[in-house]
Structures are given as C-alpha cells and as structure tokens.
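My notes follow, in the order I made them.

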Amino acid sequence: MTETHVQRLVVVEKMLEDEEKEAKRLKRSFDKEKTREYFIPLAEKTVQWYLLKDMIAKKENISVTDEEIQKLAEEESAKIGLPVDKVLNYYKSGQVDDRLLDDKVFKFLKENNNIKKVSPEKLFKKEHDHE
C-alpha cells in the first residue's frame, strides 16, 4: 500500500467521522458505505492537493512563520473582541498554519502562472472525456 493510498484512507475516515457526527447531531440517518463511496473521489483530490502543495512550498521556499500566525491572531482578535493569546492558542491547536500555507501557495500560483477560466460544465466534460 502506497503512502498516498494510506493518506487517502485517512482522509476518507476523517470525512466519514465528521459526517457521522453531523448526522447524529441533526438526528439524520447515516449510511456509512454510501457516504464512504461518495467521499473517496473527494479524498483523492484532497490528498493530491496536499502533496502538490507541499512539493510547491518546498521547491519555492514558501512557509508560514510564527510571526504570520501572531499577526493573524492580532487581526482576528481585534475583529472578534477576544484576547490575542486566546485566539493564538486556538490557532495553534488547529490547522491555521495549513490554511495560511494554502493561501500563500495559491497566491504564488496566481502570480506566476497564466490562469485560464473554464466553465464548470466544460471542465466536467473534459474530465469525463479522459476517462
């Protein structure tokens, strides 16, 4: 089993866990197998993005610093009225650095590439033509 396959399985299980919790909270029925089948393609795309993002970040020396997290915490603190240290602790316990890295890699890609807008219908048709 490849590392990518394992990552995909982990993502699928996390998505299933979150969906099952939400179904229980909303008192909805939950079909684990149908939901798993639905999430597999999403998990594949998620893992592909994480791998690609990490490769781009390493190659281009893109990273998130503690100072950037601190600055974001200060900005958010001013907006929501919570102390900076509470916001910072929340950020450190979550995945804010991953979100910031996503933003920085997207910014890099936008600034260094020609982006061609394609309608979702055209893109969907193109993906199915390659299958």
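I started with helix α3 (residues 66–80) and α5, whose axes come within 11 Å and cross at roughly 100°. Helices here are DSSP runs of H or I with at least four residues, numbered from the N terminus. The axes are lines fitted to C-alpha atoms over the stretch in contact, with angles from 0 to 180 degrees between N-to-C directions. α3 is therefore roughly perpendicular to α5. The class covers 65 to 115 degrees; under 35 is roughly parallel, over 145 roughly antiparallel, and the rest oblique.

I listed the contact (heavy atoms within 4.5 Å). α3 brings Glu68, Ile69 and Leu72, and α5 brings Val96, Asp97, Arg99, Leu100 and Lys104. By class I get four nonpolar, no polar and four charged residues for α3 with α5. Nonpolar means Ala, Val, Leu, Ile, Met, Phe, Trp, Tyr, Cys and Pro; charged means Asp, Glu, Lys and Arg; the others, Gly among them, are polar.

I noted the ground rules. This is a predicted model: local features need pLDDT of at least 70, side-chain atom pairs count only at pLDDT 80 or more, and totals for chains, interfaces and linings use all residues. Residues are numbered from 1 along each chain as its sequence is written, and side-chain values use heavy atoms, leaving out hydrogens and water.

Next I took α3 with helix α4 (residues 84–93). Their axes come within 8 Å and cross at roughly 125°. That makes α3 oblique to α4. On the α4 side I found Val84, Val87, Leu88 and Tyr91; the α3 side includes Ile69, Leu72 and Ile80. This contact of α3 with α4 has eight nonpolar, two polar and two charged residues.

Then I checked helix α2 (residues 32–59) against helix α5 (residues 96–111). The axes come within 10 Å and cross at roughly 70°. α2 and α5 are therefore roughly perpendicular. α2 passes α5 in a left-handed crossing. Among the contact residues are Trp49 and Tyr50 of α2, and Phe106 and Phe108 of α5. I count nine nonpolar, no polar and four charged residues in the contact of α2 with α5.

I looked up salt bridges (side-chain nitrogen of Lys or Arg within 4 Å of a carboxyl oxygen of Asp or Glu). The count is 13. In one, Arg36 pairs with Glu13, with the closest N and O atoms 2.8 Å apart. Arg36 lies in helix α2 and Glu13 in helix α1 (residues 3–25), so the pair ties together parts 23 residues apart in sequence.

Last, I checked pLDDT, the predictor's confidence in each residue from 0 to 100. The protein chain averages 86, and 92% of the residues score at least 70. Confidence is highest in α5, at 92, and lowest in helix α6 (residues 120–129), at a mean of 68.

Definitions and conventions:
Helices (H or I, at least four residues) and strands (E, at least two) are DSSP runs, numbered from the N terminus. A crossing is left-handed if the near helix is turned anticlockwise from the far one by less than a right angle, and right-handed if clockwise.
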